[in-house]
Amino acid sequence: MALSEKLRELRDKQNWSQETLADMMKMHRSTISRYETGKAIPNYQTVIRFAEIYRVDKEYLVDELNQLLPNVEAPGFVLKEKLEDPDVGMILQLLQDEPDLKKAMVELHLMHPKRKSFFSDAITTFIKVNKKHKDKM
């Protein structure tokens, strides 16, 4: 059963409206709708929160999430940049060295384009500020 179907089924079993669940999850009702229709994929922390609210084993939902998220280590992964590009090599090394950053980048990739743009701009700004004030840190 797909994650979206499980989420809908769990909510229906509780006889909750999407609005009620959204209040409990502290998110907008339309986000619940997108998760339940499969139009959006919740991040790991959100899936864990669903499991807590529904009082089900987290693996029941996490296993489905793992099947939905892209597996960048799979043999079928296609890298669009040339490996000769030294920047790409440095980025790949950074992602190997920092698994939390890798997870965050996957979540960033799955975000709505406007939200993705916001966080990309924020990251860029933090790096520029760091360069400007590195003598103060």
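**View 1. The second largest pocket holds about 540 Å³ of space.** Of the 15 residues lining this pocket, Y35, I41, M111, H112 and R115 sit closest to its centre. Keep in mind that this is a predicted model.

**View 2. Three helices each bring at least two residues to the lining of the second largest pocket: α3, α7 (99–110) and α8 (113–132).** The largest share comes from α3, with 3 residues.

**View 3. Now zoom in on F50 and its contacts.** Leaving aside residues up to four places away in sequence, F50 touches L7, L21, M25, I32, Y35, P42 and L61. Y35 turns up here as a contact of F50, and Y35 is also among the residues closest to the centre of the second largest pocket.

**View 4. Stepping back, the chain has 8 helices and 0 strands.** Buried residues account for 21% of its 137 residues. Take the contacts between residues at least 6 apart in sequence, and 47% of them join residues at least 24 apart. The accessible surface of the chain is about 10500 Å², with 55% of that belonging to carbon and sulfur atoms.

Methods. Residues numbered from 1 in each chain as written. Predicted model: local features only at pLDDT ≥ 70, side-chain atom pairs only at ≥ 80, totals over all residues. Heavy atoms only, no water. Contact = heavy atoms within 4.5 Å. Helix = DSSP H or I, 4+ residues; strand = E, 2+ residues; numbered from the N terminus. Buried < 20%, exposed > 50% of the residue type's maximum accessible area, 1.4 Å probe, protein only. Areas by Shrake-Rupley, 256 points an atom, 1.4 Å probe, with all protein chains shown as cover. 1 Å grid on protein atoms, 1.4 Å probe; cavity = no way out; pocket = protein on both sides within 12 Å on 5 of 7 lines; lining within 4 Å. Points joined across faces, edges and corners; volume = space filled by probe spheres on them.
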